[in-house]
Every structure is written in C-alpha cells, then in structure tokens.
Amino acid sequence: ELGLPYLSLPQTLKHLFLQGKRPMVIAGTHGKTTTSSLAAWLLDSAGLDPGFMIGGILSNYGRNYRLGQGDWFVLEGDEYDTAFFDKVPKFIHYAPQVGILTSVEFDHADIYEDLEAVKAAFRRFVDLIPPDGLLIAWGDDPKVRDIASRSRSPVRYYGLDPKADWAADRIRADGRTTRFDVLRQGRFWASFQSPLSGTHNVLNALSVIAALAEAAGLEPATIQKGLDGFKSVRRRQEVRGIAAGVTVIDDFAHHPTAVRSTLEAIRAAYPGRRLSAVFEPRTNTSRRAVFQEEYAAAFNDADRVLIREARNLDKAPENNRFDTGRLVDDLNRRGLAAQMFTQTEDLLAHIVQTAEKEDVVLIMSNGGFDNIHERLLDALGRRNPG
C-alpha cells in the first residue's frame with residue numbers, strides 16, 4: 001500500500017546472493033533436501049567453500065544456510081509456489097548452472113491440478129539450465145527422461161540401469177551404512193560407503209557423485225572423505241533416541257513413495273527387529289483421496305501400522321477427502337496389523353503399553369506431530385527407568 005519495493009525469499013536469494021556464483025539446484029518430487037545437503041557438504045569437505053540454502057537443518061552445521069566464499073552455491077529447488085504474489089515454483093528464480101532432477105511424481109494437490117501440471121513445472125526447470133551448464137537426471141524413470149531430453153545443456157543420466165551414464169551396482173546394506181559400486185559409462189569407477197540407508201539414498205548420493213565429478217572435477221577419494229563425515233539432515237531417518245531398548249526414528253516422509261522408500265531403508269538397517277510405522281497424514285495432498293490406493297501399498301515393510309486420523313479435512317474438497325479408516329481396513333486386508341487413533345495421546349499411550357525391547361518405531365510426518373517423539377521417549381524411560 002505504501003508502494004515500497006519488495007521481494008520474495010527466492011527472488012532475494014537470486015539478486016543478493018547468487019550473482020557471480022555457480023548455482024547448483026536440486027529439484028524433484030523426492031530427495032531434494034538430502035541430495036542438496038550432501039552436495040553442499042561434499043563441496044565444503046573438498047575445500048570449495050560453497051554457500052547453500054536448503055529446506056532442512058544440516059546436522060553438520062546446525063543450520064540450513066551458509067554464506068560461502070567459493071564459486072558454488074547449492075540450493076534446494078522447491079516446486080512449491082514462491083509467494084502469494086508470485087505463483088511460480090521457487091526454483092524459477094535460482095538460475096541453475098548445474099541441475100539435478102531426482103524424480104517426478106504428482107504432489108502438492110493444492111497447487112497442481114494433475115501430474116501434467118507437475119511435469120510442466122519441471123520442464124521449466126530444465127529450460128533454465130544454459131547450454132554450457134549440466135543436467136544430472138534420474139534415468140530409471142521415463143517421465144524424468146522425457147523432461148530431461150528437452151535440455152539445452154548436456155545431460156547425464158544416473159540410476160540402477162548399468163547402461164546409465166552413472167550407475168549404482170552391488171548395493172549392500174550394513175546396518176545404517178550402505179556400500180555400493182559406481183559404474184561410469186558402464187565401467188567400474190569407484191566403490192563408496194555411505195552413512196545413509198536405503199536404495200533411494202544410494203540414488204541421492206549417486207546423483208551428487210555424478211554432478212561433482214562432472215562439474216567440479218572431484219575424485220573418488222575426495223568424495224569418500226566427504227561421505228565419511230556427512231551427518232545427514234534432521235528429520236530424515238533421524239534417530240531421536242533409545243529408551244527401554246526401543247529405537248525411535250523421526251522422518252519427514254508423507255508422500256506414499258517416500259513412506260515406502262523410508263520403510264524399506266529402515267527395514268534393511270534394522271533386520272530382524274519389529275518395525276512399527278507411525279504415520280500422520282497431514283499435508284494438503286494427503287488430506288485428499290488422490291493417494292488413497294497408493295498409501296495402502298506403501299507400508300509393506302512394517303510389522304504394524306499406527307495411523308493418526310487425518311485432521312483438518314475441511315481444508316480438502318468434500319468429495320475428495322482422505323479416509324483414514326478405509327486405509328486401515330485396506331492394510332488389515334493386506335495382512336498388516338493396522339490401527340487408527342483419533343487422538344495423538346491415545347496413539348502415544350498404545351505405543352508405550354505395547355512396545356517391546358529391540359522394537360524400532362518409525363514416526364513419519366511433515367509436521368511436529370504434537371511432539372510425539374520426545375513424549376514417547378520420556379514415557380518409555382519412565383516405564384523402564386535405567
């Protein structure tokens with residue numbers, strides 16, 4: 001009203017912090033935060049002093065941003081709206097020199113009408129990369145390949161297909177550690193050990209390895225040194241504590257693909273232990289029925305599933321609302337022991353009463369979930385002091 005100039009945060013980053021830098025922008029439906037955090041840390045551990053702005057707290061720094069003095073600036077390229085006055089994806093403002101495209105699926109139902117609208121947004125991302133830039137794209141997904149094929153820049157595909165430009169091979173889980181080989185153009189390039197669990201995190205790491213080898217000239221030994229020191233990101237398979245022999249893990253997973261991948265990773269990291277999946281459908285998308293069927297197939301690696309009834313369903317269209325009770329029924333029909341709770345307090349009490357030593361409790365939500373993690377650890381500790 002006063003006629004004062006103003007900018008959104010993404011616009012501010014571009015105008016005040018990206019000038020004269022080489023932006024590396026990580027985009028995609030899944031894996032953005034972990035992948036961009038790993039890229040920033042590996043560049044830093046290699047002595048390249050990058051800046052970064054990421055949508056999660058990096059455990060190595062205790063923050064989500066840094067003003068580096070080097071050429072590189074790493075950004076998590078979110079496809080969500082920039083601001084109420086700027087209805088374009090945030091990554092539109094980041095001028096990527098190097099881009100990583102991790103995945104393309106339908107999400108953010110409050111912003112995008114359908115999958116085609118999501119694909120159109122990522123096409124805009126690919127179009128931003130200049131001819132002298134580089135795009136690293138997940139080649140195992142035809143949707144990603146189709147979008148990447150329009151790039152004006154060179155494209156390098158990564159994935160599990162040994163014919164990819166960069167391929168992960170011989171993936172082996174060893175507790176919370178994962179070992180894998182990397183093939184470059186079909187030939188063995190190096191072996192790596194990652195502190196991240198799950199095949200999806202191998203792919204996240206592989207995309208960064210490809211980007212940094214191609215664009216920054218990092219050698220395998222330098223990359224491995226960075227992997228050895230990486231402490232991951234808060235709320236991504238984060239062990240919040242162990243009480244009464246029960247391991248409580250916090251994860252941001254909310255999309256059915258993320259739920260499935262996270263459960264697979266935790267199952268591989270804790271073989272032979274009872275795994276309880278605790279889930280809160282909280283996002284604007286998960287309050288809608290769009291993923292009703294997909295969620296029913298996402299919990300297969302859990303021994304039991306405990307679901308907090310979706311809240312604020314009035315924010316979703318009346319004819320398109322998620323049915324928590326139906327999901328529980330579908331899971332039970334699939335042979336999974338599933339229960340629904342209308343109150344977090346009842347869910348918490350049930351876990352405390354039924355938890356056994358050596359259990360793993362994976363809590364998945366993109367919100368605070370009523371501080372259930374700390375409350376659970378405290379209650380278990382009081383149940384079995386010492």
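**Figure 1. Overall view of the predicted model.** Of the 386 residues in the protein, 55% are buried, where buried means under 20% relative accessible area, exposed over 50% and partly exposed in between, with a 1.4 Å probe and protein chains only. This is a predicted model, in which local features need pLDDT of at least 70 and side-chain atom pairs count only at pLDDT 80 or more, whereas totals for chains, interfaces and linings use all residues. Residues are numbered from 1 along each chain as its sequence is written, and side-chain values use heavy atoms, with hydrogens and water left out. The protein has eleven helices and 18 strands, assigned as DSSP runs numbered from the N terminus (helices H or I, at least four residues; strands E, at least two). Its radius of gyration is 21 Å, close to the 21 Å that the globule rule gives for 386 residues, so the protein is as compact as a globular protein of that length; the radius is taken over C-alpha atoms, and the rule is 2.2 Å times the number of residues to the power 0.38. The C-alpha trace spans about 60 × 55 × 40 Å along its principal axes.

**Figure 2. Close-up of Tyr6 and its aromatic neighbour Phe85.** Tyr6, Phe84 and Phe85 make a nonpolar surface patch of about 400 Å². Patches are made of residues with over 30% relative accessible area and no salt bridge, like charges being joined within 9 Å and nonpolar side chains (Val, Leu, Ile, Met, Phe, Trp, Tyr) within 5 Å; accessible areas come from the Shrake-Rupley method with a 1.4 Å probe, and for residues only the protein chains shown count as cover. Tyr6 is exposed, at a relative accessible area of 57%, while Phe85 is partly exposed at 33%. The structure holds 14 aromatic pairs, counted where ring centres of Phe, Tyr and Trp (its six-membered ring) lie within 6.5 Å, with planes under 30 degrees apart called stacked, over 60 edge-to-face and the rest tilted. In one of these pairs, the rings of Tyr6 and Phe85 have centres 4.9 Å apart and planes at 85 degrees, so the pair is edge-to-face. This pair links distant parts of the chain, Tyr6 lying in the segment before α1 and Phe85 in the loop between β5 (81–83) and β6 (86–89), 79 residues apart.

Figure 3. Phe52 is buried at 0% relative accessibility, whereas Tyr61 is partly exposed with a relative accessible area of 23%. Elsewhere, ring pairs link Phe106, Phe279, Phe291, Tyr295, Phe299 and Phe322 into a cluster. Arg63 lies over the face of Tyr65, at 4.8 Å from the ring centre, and Arg236 lies over the face of Phe252, at 4.4 Å from the ring centre; a charge sits over a ring if NZ of Lys or CZ of Arg is within 6 Å of the ring centre and within 35 degrees of the ring normal.

**Figure 4. Close-up of salt bridges, including that of Asp127 with Arg150.** The count comes to 27 salt bridges, each defined as a side-chain nitrogen of Lys or Arg within 4 Å of a carboxyl oxygen of Asp or Glu. The closest N and O atoms of Asp127 and Arg150 are 2.9 Å apart; Asp127 lies in helix α3 (residues 115–128) and Arg150 in the loop between α4 (142–148) and β9 (155–159), so the pair ties together parts that are 23 residues apart in sequence. Both partners are partly exposed, Asp127 with a relative accessible area of 34% and Arg150 with 41%. Asp303 forms a salt bridge with Arg267, with closest N and O atoms 2.9 Å apart. Asp330 and Arg333, whose closest N and O atoms are 2.4 Å apart, both lie in helix α9 (residues 324–333), three residues apart, about one turn of the helix. Asp330 is buried at 13% relative accessible area, while Arg333 is exposed at 63%.

**Figure 5. Close-up of Arg235, a residue with a positive phi.** Most residues other than glycine have a negative phi. Phi of Arg235 is near 70 degrees, and this residue lies in the loop between α6 (220–229) and β13 (238–243). Arg170, which is not a glycine either, has a positive phi of about 50 degrees; Arg170 is placed in strand β10 (residues 166–174) and is partly exposed at 49% relative accessibility.
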